[in-house]
Amino acid sequence: MDNKKTVCSIHGEQEVGLLCTHLAHSLLNQSQVGFHEYNDGDLGRPDAWCNECEGKLARVTNDTEQEQWFLACDYKILCAGCWDEAKEIARRSDIA
């Protein structure tokens, strides 16, 4: 399988991953918003979302709501290095 790549100004050429908008923005201010992931194997990193999006996902009951939830997450494409940093920020909150 040919993995998709992006060029990051920080990490250079990397495989990509999707982060909900809250996780993507957590990289800017190092905020700890939780971290949940689902690996469907189509990208360099699994799709990931925050606690707020997880709470909304828990209320999904059908495919239409699932699609609406995905769109509401407002996923951002980031490089694998940035994805890893977002996960590390979340781990620090788990340790603290």
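Helices here are DSSP runs of H or I with at least four residues, strands are runs of E with at least two, and both are numbered from the N terminus. Quick housekeeping: this is a predicted model, so local features need pLDDT of at least 70 and side-chain atom pairs count only at pLDDT 80 or more, while totals for chains, interfaces and linings use all residues. Residues are numbered from 1 along each chain as its sequence is written, and side-chain values use heavy atoms, with hydrogens and water left out.

The side chains of Lys-56 and Glu-52 make a salt bridge at 3.4 Å, N to O; the rule is a side-chain nitrogen of Lys or Arg within 4 Å of a carboxyl oxygen of Asp or Glu. Lys-56 is partly exposed at 38% relative accessible area, and Glu-52 is partly exposed too, at 43%. For the cut-offs, buried is under 20% relative accessible area, exposed is over 50%, and partly exposed is in between, using a 1.4 Å probe and protein chains only.

How many salt bridges does a search of the whole structure find? Five. One of them joins Lys-87 and Glu-37, with the closest N and O atoms 2.7 Å apart. Lys-87 is in helix H4 (residues 80-95) and Glu-37 is in strand E3 (residues 36-38), so this pair ties together parts that are 50 residues apart in sequence. Both ends are partly exposed: 21% for Lys-87 and 36% for Glu-37.

Glu-88 comes out at 36% and Arg-91 at 43%, partly exposed in each case.

Now the inside. The largest nonpolar core has 23 residues, and Leu-19, Cys-20 and Phe-35 touch the most other members. By core I mean buried Ala, Val, Leu, Ile, Met, Phe, Trp, Tyr and Cys residues joined through side-chain atoms within 4.5 Å. H4 turns up again here, giving the largest share of this core, five residues. As for Leu-19, if you skip neighbours within four places in sequence, its contacts (heavy atoms within 4.5 Å) include Phe-35, Trp-83 and Ala-86.

That brings me to the rings. The count is four aromatic pairs. Rings of Phe, Tyr and Trp (its six-membered ring) pair if their centres lie within 6.5 Å; planes under 30 degrees apart are stacked, over 60 edge-to-face, and the rest tilted. Phe-35 and Trp-83 are edge-to-face, 5.2 Å centre to centre with 85° between the planes. Phe-35 is in the loop between H1 and E3 and Trp-83 is in helix H4, 48 residues apart. Both are buried, Phe-35 at 17% and Trp-83 at 3%.

The rings of Trp-49 and Trp-69 have centres 5.3 Å apart and planes at 90°, so that pair is edge-to-face. Trp-49 is in strand E4 and Trp-69 in helix H3 (residues 63-72), 20 residues apart. Trp-49 is buried at 8%, and Trp-69 is buried at 7%. Together with Phe-70 and Tyr-75, these two form one aromatic cluster.
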